[in-house]
Each structure stands twice: as structure tokens, then as C-alpha cells.
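The sequence and the structure are shown first, and the description follows.

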Amino acid sequence: MGAGLLRAGLLSAAALMLAACQAGAQTDIEAGIEAGAQADGQAQADASNIAISETAIPRIKPINKPANKPAIKSAQLPVLGAGEKPQSAIFCEGVFEQGGAALCQTTPNAKVKIARSEKDFYFENADDQGRILIGFDRDETSGFVEAYGARFGFEIKPREYNISRIDGLPPSQVSTYSEAQLQKIRESSAKKKVGFDSREDAILFDRGFSYPIDDFVKTSPFGAQRILNGEPKSPHYGVDIAAPTGTPIYAPGGGKVVLSDDDLYFEGAMVMIDHGQGLTSMYLHVSEIFVEDGQIVSEGDKIAAVGSTGRSTGPHLCWRLKWRNRNLDPELLTRWPGRDL
Ligand SMILES: [Zn+2]
């Protein structure tokens, strides 16, 4: 099952199943992206042997295309003037699901405790409008934020992830990289680190995200995981969406381009956007890049085109989202409260 077949006819049922297989293959290859130089070749060995069945491959009709995006009316939460206090010391709104995010309002520049539990917490400062963004892991179940002794607690809605168990595989074959490949992987990691380290203070997006592609087939959802011979592999921290090579990719929200590179080992050509306060989205395997490092983009701006560069088995966009190094589900941000549907 070659990539050519995938290109030939995405709309046929057979191709949809093929896309599912491709997505399964991409999953572990992309897990290697996170692992960087530690990635082994198991994914590629597995990919050629195993067809993953997915129960349903929904046809996605984006509900808020960039062309129809609503005019930005105001910030999500009231902006406070100097000396003004919010009604309660802190409150938040957003998508309280695993992989989601929320925006909290407190006093300007407040020191905010962000906690998963009484023992697991750290502090971040709100911006000069008292806003602070928080994100939730794939497996997080509850949490709270605190400012000036007031607490906003929340439950995080659990999700069911796509788990594939495959047993009876031949013993793992760890393939090795050549010195040249390792060098390329190290260089790619250094470039990505620059992007990951970017921290725009301002919140540059408004009311969550729109979809980055107008019309596509989702082939692998966020959080999908394979368990091979009883050994759980890294979950797939991204949404894979198949579309023909050259399909435009639009910024799903405002931000600053912090990495646009066409020569990364795993990701191939990739764009990374910093949306502010540690929220960073990524667009992998693209065929063309239309933005430059440092460029400010608005929701709906064309940033790249779908491709299959890097370690990819067919034309698709791997859309990823991180918040301060936690992996979020970018698709959830399309369901931000107050977003015009
Ligand atoms: Zn992916």
C-alpha cells in the first residue's frame, strides 16, 4: 500500500481504510519525533507489517472555516483597567476535557498557583491584563488554580482513546541510525528547541481555534496509542488529517511564527506558531511554507501546504499543540465557549 494509492482517491472507502493504515503507521513514527535521538526504528519495522483497524473514520466538515470566521469582537474575558479587581479573585473558561485548555482571569500580574493536586503544582504570573492560560494533559482528571488565596477548582472530562493491542509480533528489532542521521536528528532537535522555548507573554489568539484545513479526513485522533506485545508505546500527540498535497493550511488562531524549517529529520518541513503564554501549535510534513520566522499571523492566514515530507507515509497534516511542554489536543480548541459555530 503505497502513498500513491492514498493520493489517488481519498474519497473511496478503500482509500479511507488505507488512510487508517497510514495513520497507524504514522503514529509510531511520529512518537519518535518526541523521543528525538532516542527513537528506534521499531515504528518503521512495524509500519510495514501491521494494518491497524480503526472503528470509524469520521468525515470532518469543519464548523468554522477561516473564510467564514467571525469578526473578533472582544477578548474572551473582560479586560481590567489598572486598579480594577475582578469579581472573584480568579475564574476560568475554556474546554475542560483531557487535552483541552482554559483561560483564567485574575488581577494583573498576579502570581497564580497552577495545580493538579495539593502536592503537584507550580506558579506562573498572569499577564498585565490578569489573564493566564492553562492546559490539561491527556490523562489529567482534575485541578485548580489559586490567586490571592481564592481557588477555582475544576474537573476534567475524561476521554476514551483509540487503543490498538497487537500481540504475537516478532521480537523487537531495534534499528540503528547512521552517524549522519544522528547528526541530522540532533540538529533538528536544536532547531525545535528554539521554537519550544519561545514564550510570547501576550495571548495572541481569540476564542480558541478554527480548523487549519477546509476539508479533510481525520485519520488519527489525539491520544491514540498502540500496545505492542503488551508494551504501551508513546501515545500519538497530534491530530492526523489527510488531504491532498498542496492543500492550503491556515493559521487556526493568531500568533507569532517561531520556527519555519524545511529540513527536519522526522517532521520534514514544519511551521511552529507561538500563540502566547506557552501555547504552541505545529504543522508537520508540509510541502510548502509561506511564512517566515518572527512573522505575526492572524487566524485564517495561509501558512503552509499539505505534504508528506520527513518521516511520513502519505500526504497529511500532523497538527500538534503544546502548552508549556504538555501535549494538548488542538482540535478541542475549535470548541471554545463563545466561538461562533
Ligand atoms: Zn501525527
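## Strand 3 and its side chains

In this predicted model, Ala101, Leu103 and Gln105 point one way from strand 3, while Ala102 and Cys104 point the other way. All of these residues are buried. Strand 3, which spans residues 101-105, is accordingly described as mostly covered, with five of its five residues buried.

## The partners of strand 3

Strand 3 pairs with strand 2 (residues 91-94) in the antiparallel sense over four bridges. Within this pairing, Glu93 stands opposite Leu103 in strand 3. Strand 2 and strand 3 form a hairpin with six residues between them, and Gly99 in the turn has a positive phi of about 90 degrees.

Strand 3 also runs antiparallel to strand 6 (residues 131-135), to which five bridges join it. Here Gln105 stands opposite Arg131 in strand 6.

Another group of strands forms an open sheet in the order 5-4-7-8, with antiparallel pairing. Strand 5 (121-125) and strand 8 (150-155) stand at the edges and have a single partner strand each, so one side of each is left without a neighbour in the sheet. From one strand to the next, the twist averages 20 degrees.

Strand 4 (residues 111-115) and strand 7 (residues 142-147) are paired antiparallel over three bridges. Lys113 stands opposite Glu146 in strand 7.

## The protein as a whole

The protein contains four helices and 22 strands. Of its 341 residues, 46% are buried. Among contacts with a separation of 6 or more, 69% are between residues 24 or more positions apart.

Conventions. Residues numbered from 1 in each chain as written. Predicted model: local features only at pLDDT ≥ 70, side-chain atom pairs only at ≥ 80, totals over all residues. Pairing = 2+ DSSP bridges. Helix = DSSP H or I, 4+ residues; strand = E, 2+ residues; numbered from the N terminus. Axes fitted to C-alpha atoms, helices over the stretch in contact; angles between N-to-C directions. Buried ≥ 20, exposed ≤ 12 C-beta atoms within 10 Å, placed from the backbone. Contact = placed C-beta atoms within 7 Å.
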